[in-house]
Amino acid sequence: MKKTLLFVVAVVCAASAMAQDAPKDTSYWKKSGSTSLTFGQTSFTNWAAGGNNSVSVLASFAGKLGYEKGLWMWDNSVDLGYGLSYQGSEQIKNDDHIDLATRLGYKASSLWAYAAELSFKSQFYDGYSKYPVESGAKYISKFMAPGYLIGSIGMSYTHPKEDFKVLLSPVSEKMTFVTDRRLSDEGAYGVDPGKKVFAEFGALAKATYSKKFTENVLLGTELLLTSAYQTFGNVDVDWKLSLDWKLNKYFTFKANTYLLYDDNIKFIDKDGTKKGPRVQFKEVIGLGFGYIF
């Protein structure tokens, strides 16, 4: 486990180091991304219809760094976000994600390349099925519970004029980690009760697209489809869409949507009852300070 985490950290550090130590001829490198700090507030004074005062804050960073020279290609991406909202004295988490990926490719033709990718996903802090959190409430997720590590080998397609890429992998290993003892004993997120790792061997298809329409508007999307050979045809879906729009020198509008379906994630309703898998959807919209690069 420690070796896996160290490897993921090493990948991110290596990408950062390469960006800093890039040769003076930067034509081999391409980067894009955005960072933002968005806010929201609702305030009531003598409001007859009722309501609760609330304040929200969300910090996010998403970036891509690509290298291409000769027959070799290397693509790296980072997507981080964490947000909280406050209603009176209650604190509610409204966003929490860690998403890292690195892909190494060797060209087989002008459009296709042999490729290997490693990706990691988790969250920063504890999550609960019901907010505000009641005294004695038990968390249902936390860092590395779950955590996902996916390794894939296959072929990568790159559009010659657009930032559109597709990875097709018939050889993919998806590892689900639940390092928390209580959640592990409960068999959360598909692991066998008492186990901390659940591995699935299968196929994967991943498509990414980003477009910088102007210096102030950046659109990005990623669609990930996975299916284990043991239950082939049962497809897990992970689809993200983001829009960053810099309105002026100081303010940026940001919108994110996230659709997820995973057969191993059982829905838990507000009273704590565990149901079957469901389509999950999240939307985050905010206005605040930001930078597009």
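These are my notebook entries on a predicted model of one protein.

**Ground rules**

I number residues from 1 along each chain as its sequence is written. Because the model is predicted, I take local features only at pLDDT of at least 70 and side-chain atom pairs only at pLDDT 80 or more, with all residues used for totals of chains, interfaces and linings, and side-chain values rest on heavy atoms, without hydrogens and water.

**Entry 1: confidence**

I looked up pLDDT, the predictor's confidence in each residue, from 0 to 100. The protein averages 87, and 86% of the residues score at least 70. Over residues 1-23 the pLDDT is below 50. That stretch has 23 contacts in the model beyond near neighbours in sequence, where contact means heavy atoms within 4.5 Å.

**Entry 2: inventory**

I counted elements as DSSP runs, numbered from the N terminus: helices are H or I with at least four residues, strands are E with at least two. The protein has two helices and 12 strands. From the N terminus I read the order as α-β-β-β-β-β-β-β-α-β-β-β-β-β.

**Entry 3: the barrel**

How do the 12 strands close, and in what order? They close into a barrel in the order β1-β2-β3-β4-β5-β6-β7-β8-β9-β10-β11-β12, with antiparallel pairing. Neighbouring strands of this sheet are turned by 20° against each other on average, direction ignored. For that angle, axes are lines fitted to C-alpha atoms (for helices over the stretch in contact), and angles run from 0 to 180 degrees between N-to-C directions. I call two strands paired if DSSP finds at least two bridges between them.

**Entry 4**

Next I took β4 with β5 (residues 112-122), an antiparallel pair with 10 bridges. R103 has E117 in β5 as its bridge partner. This hairpin has four residues between its strands.

Is strand β6 mostly covered or mostly uncovered? β6 (residues 147-158) is mostly covered, with nine of its 12 residues buried. Buried means under 20% relative accessible area, exposed over 50%, and partly exposed in between (1.4 Å probe, protein chains only).

On one pairing, β6 runs antiparallel to β5 through 10 bridges, and A116 has I153 in β6 as its bridge partner. In the pairing with β7, I found 11 bridges, again antiparallel. There, G147 stands opposite F177 in β7. β6 and β7 form a hairpin with four residues between them.

β7 (residues 163-177) and β8 (residues 197-214) run antiparallel and are joined by 13 bridges. I noted M175, whose bridge partner in β8 is A199.

From β8 I went on to β9 (residues 217-228), joined to it by 12 bridges in the antiparallel sense. G202 stands opposite A228 in β9, and the β8-β9 hairpin has two residues between its strands. β9 is then joined to β10 (residues 236-246) by 10 antiparallel bridges, and in β10 the bridge partner of E222 is K240.

**Entry 4: K254**

I stopped at K254, which lies in strand β11 (residues 251-261). Is K254 buried or exposed? K254 is buried, because its relative accessible area is 6%.

I then looked up what surrounds K254. A polar contact of 3.0 Å joins the side chains of K254 and D244. I count a polar contact as a pair of N or O atoms within 3.5 Å; within protein, one must be able to donate a hydrogen and the other to accept it, and residues adjacent in sequence count only if both atoms are side-chain atoms. Leaving aside residues up to four places away in sequence, K254 touches S34, S36, T38, S60, L243, D244, V284, I285 and G286.

**Entry 5: totals**

Buried residues make up 37% of the 293 residues. Among contacts between residues at least 6 apart in sequence, 56% join residues at least 24 apart. The protein exposes about 16,800 Å², of which carbon and sulfur atoms supply 61%. That area comes from the Shrake-Rupley method with a 1.4 Å probe; for residues, only the protein chains shown count as cover.
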